[in-house]
Amino acid sequence: MESLKHYVDQLFQKYRGSKQIEELKWEVLSNLEAKVADLVGDGLSLDEAVKKAKANLPSIDSIVGEHRKVYIRPLLQELLQLGLLYGLMAWIVTMPLRIWGMGIFLNYSLFAISILIGIVYLILLGINRPGSSHHLTSMNVRSAFMLRKTGWMLWALYIVGTLVFTTALHFGSNLWFSRPVNLSGPYQFANVAVSYTLPFLSILIPLWLHAIPRFILKYDAGEGDVIAK
């Protein structure tokens, strides 16, 4: 039934990105369809059967399970690899800002952060003790999704606050006294443009947090060994 498939897809919307989740979705859909068929066989109409089957379905959070056993080493490696990639991207993007005041400090700081992440990543790669790739740890899926959501909300607040502050800093008096905006030259224009665009570079932080639930589900040990995923 297409409507049930759509319903199950919506229920699992926040748990995308894992082969195990796809299998779990198929299992839930199959059980739901079987339940509907049983209820119709007992004399209920199709609409009533679908409604009752949906009402008796446990929450998806409980089906997925809050705590998952995950392979911690490959998960950390992938998180560090992603962090290194984002750090290098930010470092390259901010290179032109080296001609602008705090741009030198920002560019060097991003380079130092990238180097630090790279060192930790290489150390983790160098750890090759027998069985270390199969070490398991318990991670809370719901907390990871909450962290992801919180990260995006804080970033949105940060961007709004920064835009308001920047506008007030550069154009507050113009707006207050209804005076025309006057930029004296290219340097001042570039200075204002950088003030507005630079905060958007911080989107790399919620993007990094966004990947954590996906990696937890990707390296979920489940009932069998799925390290080769």
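Tutor: Start with one residue; the model is a predicted one. Thr 166 lies in helix H7, which covers residues 141-176.

Student: Is Thr 166 buried or exposed?

Tutor: Buried means under 20% relative accessible area. Thr 166 has 5%, so it is buried. Setting aside neighbours within four places in sequence, Thr 166 is in contact with Ser 195 and Tyr 196.

Student: How do I read a nonpolar core?

Tutor: In soluble globular proteins, nonpolar side chains tend to be buried together. Here the largest nonpolar core has 36 residues, and Phe 12, Tyr 15, Leu 75 and Ile 216 touch the most other members. Among the elements that give two or more residues to this core are helix H1 (2-11), strand E1 (67-71), H7 and helix H9 (204-218). Domain 1 (1-65) and domain 2 (69-219) both contribute residues, so the core lies between them.

Student: What does Ile 216 touch?

Tutor: Not counting residues up to four places away in sequence, Ile 216 touches Arg 68, Val 70, Leu 75, Met 139, Asn 140, Val 141 and Ala 144. Ile 216 is also one of the buried residues of H9, including Leu 209, Ile 212 and Phe 215.

Student: How can I check the length of H9?

Tutor: At 1.5 Å a residue, its 15 residues should span 21 Å; the end C-alpha atoms are 21 Å apart, which agrees.

Student: Which residues does Ala 53 contact?

Tutor: Ala 53 is in helix H3 and is buried, at 3% relative accessible area. Leaving aside neighbours within four places in sequence, Ala 53 contacts Leu 32, Lys 35, Val 36 and Leu 39.

Notes
Residues are numbered from 1 along each chain as its sequence is written. This is a predicted model: local features need pLDDT of at least 70, side-chain atom pairs count only at pLDDT 80 or more; totals for chains, interfaces and linings use all residues. Side-chain values use heavy atoms; hydrogens and water are left out. Helices (H or I, at least four residues) and strands (E, at least two) are DSSP runs, numbered from the N terminus. Buried means under 20% relative accessible area, exposed over 50%, partly exposed in between (1.4 Å probe, protein chains only). Contact means heavy atoms within 4.5 Å. A nonpolar core is a set of buried Ala, Val, Leu, Ile, Met, Phe, Trp, Tyr and Cys residues joined through side-chain atoms within 4.5 Å. Domain bounds come from an automatic or database domain assignment. The expected span of a helix is 1.5 Å times one less than its number of residues.
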